[in-house]
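Welcome, and please open your viewer. We will go from stop to stop, selecting a few residues each time and looking at what is there.

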Amino acid sequence: MKIAVAGTGYVGLVTGTCLAKIGHTVFCVDKEASKIAQLRRGESPIYEPGLEAEIVEAKDAGRLHFTTDYAVAYRQAEVIMIGVATPENTDGSANLQALYQVCEQIAASITSPTLVVVKSTVPIGTNDRLAAYFDQLLGDSRKNWVEVASNPEFLSQGTALRDTLQAERIVIGTESQEAADILTEIYTPFDQPILKMNRRSAEMVKYASNDFLALKISFVNDIANLCEAVGADIDEVTSGMGADSRIGSRFLAPGIGYGGSCFPKDTKALHWLAEEAGYTLKTIRAAIDVNEKQRFKLMQAARKDIPLFAGKKIAVLGATFKPGTDDLREAPSIPNLQMLLNEGADVHVYDPVGLPNLENVFGSRLHYGESVASVLQGADACFIFTEWAAFKEMDLALFHTMREPRVYDGRNCFSVKAAEQAGLQYYSIGRARVGGAVFA
Ligand code: UGA
């Protein structure tokens, strides 16, 4: 099938590439000419393991095309998928400007009936409103030319290809059998379970799934904080909880809170949407509140040892919102780095892939290290914000190159026992403190 994909961010680019891989002819559209030029050279504008090789393969096979000329792409396509960003407005609601702009471009371009598939995460009811908007844009002469379907995506950054090629489910929300049949035909080669429902339910599946996972993380963080207060160990607790298949062990890792471009935005968007509908989602409100506070756990613990950060050398390991990505959006590291700088600390950061993006945020206010060893040397304290494998596997003896081996680990990279054996002063989330606080 001939498919156009609007937007070459994580959703659009990965979707387009995977659809081309399974045999469809795909035209990826983006308004940014530099991105399209890069993609035409076979370079991925986003950091995603394995993606560039798949782009090159599909492009060389003649099935994956990149263009800024939306009119040509939309006119040729039997199906148009939209994967543009729906960022957060200041009040927490979803910003749908890019989505509506693409719809206007589609209405201005198509010359025959077309199925428009919304993959972007959108508030419940958006697909219905888009359908009405298309009718208005297309007028009486082209009435009912556009059928709108919802088809949310569930890919995670860092594992986006696997999540798409081996998805646990494909959710299709349609209001007509014809639209459901076309989407089924597109996805059949993936050989994955297809769940069919109406558009509003499909939109809700996306929010409810992300918000449930965010809630699970905030719940485990809440319990981890309590473990610290009452002397239980969160690792032991989650191993006991996770063994119950009704609970499951995934998304049960405590830390300094969830970040990224999805969970923070989608929890706030659903909460906002519920308030608009006259209903308060108390569980999601709690998940948001716990997450806001959780981000500052390391600083709270460190203040007990270091009352004044001014002039102190602080080593920071990890800045991205999780390993496997260079994305810093809503990363817990950002407000912490800001606070350390505001308090006059001399901050040295190392991240395996996130430093160029970090430099775009902080410029020369931070020192960017070339290795773990280079930032630790002579430091008064070390903060760990991301659980990169390189940190989890490092030789703990390296911490003894610091002025004091004080480590505040926001992602529980090491076992308490290993930290003890290595002679560290070690604070982690939901577990016993090693070495004790100096000014507690
Ligand atoms: C998330 C969802 O997992 C995807 O299913 C969804 O498609 C995507 O959002 C989206 O809406 O586009 P992503 O934001 O890439 O994917 O990242 P996750 O792996 O879900 O991690 C989110 C945050 O939760 C990270 O900061 C991570 O460190 C944190 N986390 C995750 C924990 O603190 N504990 C855990 O046990 C798991």
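**Before you start**

This is a predicted model, in which local features need pLDDT of at least 70 and side-chain atom pairs count only at pLDDT 80 or more, while totals for chains, interfaces and linings use all residues. Residues are numbered from 1 along each chain as its sequence is written, and side-chain values use heavy atoms, with hydrogens and water left out.

Helices (H or I, at least four residues) and strands (E, at least two) are DSSP runs, numbered from the N terminus.

**Stop 1: I3**

Select I3, which sits in strand 1 (residues 2-6). Is I3 buried or exposed? I3 counts as buried because its relative accessibility is 0%; buried means under 20% relative accessible area, exposed over 50%, and partly exposed in between (1.4 Å probe, protein chains only).

Now show what surrounds this residue. Setting aside neighbours within four places in sequence, I3 is in contact with L19, H24, T25, V26, F27, A77, V79, M81 and I186. Contact here means heavy atoms within 4.5 Å. For a sense of distance, pick D135 as well: D135 is 132 residues from I3 along the chain, and their C-alpha atoms are separated by 22 Å.

**Stop 2: the cores**

Next, select Y74, I82, L99, I106 and F134. Of the 40 residues in the largest nonpolar core, these five touch the most other members. A nonpolar core is a set of buried Ala, Val, Leu, Ile, Met, Phe, Trp, Tyr and Cys residues joined through side-chain atoms within 4.5 Å. Helix 5 (residues 97-109) gives the most to this core, with 5 residues.

Stay with I82 for a moment. Beyond its neighbours within four places in sequence, I82 is in contact with A6, L99, V102, C103, I106, V116, V117, V118, K119 and S120. Another core, of 35 residues, lies apart from the largest one, and its members include A302, A331, I334 and F362.

**Stop 3**

Two packed helices are described by the angle between their axes and the distance between the axes. Axes are lines fitted to C-alpha atoms, for helices over the stretch in contact, and angles run from 0 to 180 degrees between N-to-C directions.

Select helix 1 (residues 10-21) and helix 3 (residues 51-60), whose axes come within 9 Å and cross at roughly 50 degrees. That angle makes helix 1 oblique to helix 3: angles under 35 degrees count as roughly parallel, over 145 as roughly antiparallel, 65 to 115 as roughly perpendicular and the rest as oblique. Here L13, V14, T17, A20 and K21 of helix 1 meet L51, E54, I55 and A58 of helix 3. By class, this contact of helix 1 with helix 3 has 6 nonpolar, 1 polar and 2 charged residues. Ala, Val, Leu, Ile, Met, Phe, Trp, Tyr, Cys and Pro count as nonpolar, Asp, Glu, Lys and Arg as charged, and the others, Gly among them, as polar.

Go on to helix 6 and helix 9 (residues 199-230), with axes that come within 8 Å and cross at roughly 135 degrees. Helix 6 is therefore oblique to helix 9. On the helix 6 side you will find T126, N127, D128 and A131, which meet R199, R200 and E203 in helix 9. The contact of helix 6 with helix 9 divides into 1 nonpolar, 2 polar and 4 charged residues.

Look for T267, K268 and H271 of helix 11 against I284, R285, I288 and E292 of helix 12.

**Stop 4: two loop residues**

Select N144, in the loop between helix 6 (126-138) and strand 6 (146-150). N144 has a positive phi of about 60 degrees although it is not a glycine. With 57% relative accessibility, N144 counts as exposed.

Then try E330, in the loop between strand 9 (313-317) and helix 14 (333-342). E330 is also not a glycine, and its phi is positive, near 55 degrees. At 40% relative accessibility, E330 counts as partly exposed.

**Stop 5**

Which residues does K297 contact, leaving aside its neighbours within four places in sequence? They are N225, E228, I256, Y427 and I429. K297 belongs to helix 13 (residues 297-303) and counts as buried at 11% relative accessibility.

Finish at I384 in strand 12 (residues 381-384), which is buried, at 0% relative accessibility. I384 and V316 are 68 residues apart in sequence and 5.9 Å apart in space, C-alpha to C-alpha.
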